[in-house]
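Please read them with the structure open.

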Amino acid sequence: MVATAALERISTRLFQFAFLCLALFIPFSIAGENIAIGFSVLAWLCWLAATRERPRLLDPLFIASVALALFALPSVWMSENRARAFTDWESYWQLLILFMVGAHIARVGVRERSCAVLLLSAAASCGVAFIQRAGGLHLGPIHIGAEHRVSSTLFTMTLAGILCQLTVFGAAVAASPQAARWRVWIGIAVVMMFAALLLTMTRGAWIAVFAGLFTVCVLLRSRVLAVATVLAVVVMLLYTHAYKNDQGRTLAVDTFATEQADRNVATRLVLWDMSWKMFLDHPLLGVGMGDYSTEAERRLAERHVRTTVDSHNIYLQLLATRGLLGFIPFVAYVVVLVMSLWKLSRRAAGGSLARHYAIGALGATAAVLVGALTENNLDDAEVFTAFMFLVGMARAILPSDEAGAAK
């Protein structure tokens, strides 16, 4: 009994350390992110040995996750570039982050602290982005290079993909009455993230963040948040007016639909056309999970594109490379995930942080799904890790979170 209790205490400490580290590293994409996940696995093994509890294998979201991974295997085996396909398939292990965080982060008492660390870390990452925009910094061992389109310590589109989620999630948390004492600090972090998102000049992420904010406004019915969202739209329009054309790309809304498509948009139009034709030619299994680039190069003919690495649209990418056998489980996974978050938001006490976490995660889901129209964001490991962490936070509801809802 003494050994079991000691093992359980070790598991709790390891979980606390892992979750706080994961929250710290997500906005920076530092190697510590993988180390933190490793500690969470070790903590889970200790917890299993101490409690001997069985995992909930009948959880609908877990079943949908397993189906998503298994039904992608045929397109792995049929790929000419099987090594690349298997590498992509291995990324499905990140689905476990959701369940690890959801099952344990509230139980070990670091849910709110992890949320605070995540938002503070994101604000710090945005600080690096601002320094990049200002011309960089070289001070002793600290070297931050100058960048026109900021990226912090990530790729530009990866930073944008993370920020559009965290901005929405942070806005939802700030709207909770239980966050009143630290609302100002959350608000500052959200404003910093939105400003950094603008500086990435990533148009798809701009559309995504407003889709997420609109979702949160509707679900929370918050007039304050709605006014803030309108102001953010105005700021974005003014910003794009100042940079109507930037590095060969059309940014301003008033010229985007009237001028000739810029090279990035033109590339996407060609890739989307080829991706759809790949699906029509291989509707069941697609061309193979690792063969998109090879197949795209074969089909280019006289058309010119900037890249053929992927379709820049997650839905067409799935249809083209995995066919209906891979696409339908993805749709099923999203449906189950959204239903799960919706039920959690209804179960949680009104105004509680738990409810706002769930609605924030729904907003982040909307942002990710809209962003997926122009980027393969869910195939970006850092973006997907952030998404799994946010959804895990939302699933971490304690009995005390539901007490107010039952009264």
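Is the crossing of α7 and α8 left-handed or right-handed? The crossing of α7 and α8 is left-handed, a term used if the near helix is turned anticlockwise from the far one by less than a right angle, with right-handed for clockwise.

1. Basis. This is a predicted model, in which local features need pLDDT of at least 70 and side-chain atom pairs count only at pLDDT 80 or more, while totals for chains, interfaces and linings use all residues. Residues are numbered from 1 along each chain as its sequence is written, and side-chain values use heavy atoms, with hydrogens and water left out. Helices (H or I, at least four residues) and strands (E, at least two) are DSSP runs, numbered from the N terminus.

2. Helices α7 and α8. Helix α7 covers residues 111-134, and it packs on α8 at an angle of about 135°, the axes being 11 Å apart. Axes here are lines fitted to C-alpha atoms, for helices over the stretch in contact, and angles run from 0 to 180 degrees between N-to-C directions. The two helices are therefore oblique to each other; angles under 35 degrees count as roughly parallel, over 145 as roughly antiparallel, 65 to 115 as roughly perpendicular and the rest as oblique. On the α7 side, C115, L118, L119, A122, S125 and C126 meet L159, L163, L166, F169, G170 and V173 of α8, where contact means heavy atoms within 4.5 Å. By class, this contact has ten nonpolar, two polar and no charged residues. Ala, Val, Leu, Ile, Met, Phe, Trp, Tyr, Cys and Pro count as nonpolar, Asp, Glu, Lys and Arg as charged, and the others, Gly among them, as polar.

3. Helices α9 and α10. The axes of α9 (residues 183-200) and α10 come within 9 Å and cross at roughly 150°. The pair is therefore roughly antiparallel. F194, L197, L198 and T200 in α9 meet A205, W206, V209 and F210 in α10. The residues of this contact divide into seven nonpolar, one polar and no charged.

4. Helices α15 and α17. Helix α15 (residues 314-347) packs against helix α17 (residues 381-395) at about 40°, and their axes are 10 Å apart. That angle makes α15 oblique to α17. The crossing of α15 and α17 is left-handed. From α15, Y333, L337, S340, L341 and L344 meet F387, M388, V391, A394 and R395 of α17. The contact of α15 with α17 has eight nonpolar residues, one polar and one charged.

5. Cysteines. How many disulfides does a search of the whole structure find? The search finds zero, taking a disulfide as a pair of cysteine sulfur atoms within 2.5 Å. For C21, the nearest cysteine sulfur is that of C46, 16 Å away. C21 is buried at 14% relative accessibility, where buried means under 20% relative accessible area, exposed over 50%, and partly exposed in between (1.4 Å probe, protein chains only). C126 is likewise in no disulfide, and the nearest cysteine sulfur, that of C164, is 12 Å away. C126 has a relative accessible area of 1% and is buried; C126 is also one of the α7 residues that meet α8.

6. Positive phi. Most residues other than glycine have a negative phi, and most peptide bonds are trans. S152 is not a glycine, yet has a positive phi of about 55°. S152 sits in the loop between β2 (142-144) and α8 (156-174), and is buried at 7% relative accessibility. R221, also not a glycine, has a positive phi of about 55°. R221 lies in the loop between α10 (203-220) and α11 (223-242). Is R221 buried or exposed? R221 is exposed, with a relative accessible area of 76%.

7. Residue H356. H356 belongs to helix α16 (residues 353-371) and is buried, with a relative accessible area of 4%. Neighbours within four places in sequence aside, H356 is in contact with A172, V173, A175, S176, P177, L220 and G351. Among them, V173 is also one of the α8 residues that meet α7.

8. Residue D246. D246 is in strand β3 (residues 245-246) and is buried, with a relative accessible area of 5%. Leaving aside neighbours within four places in sequence, D246 is in contact with H148, M201 and L251. D246 and H148 are 98 residues apart in sequence, and their C-alpha atoms are 9.8 Å apart in space.
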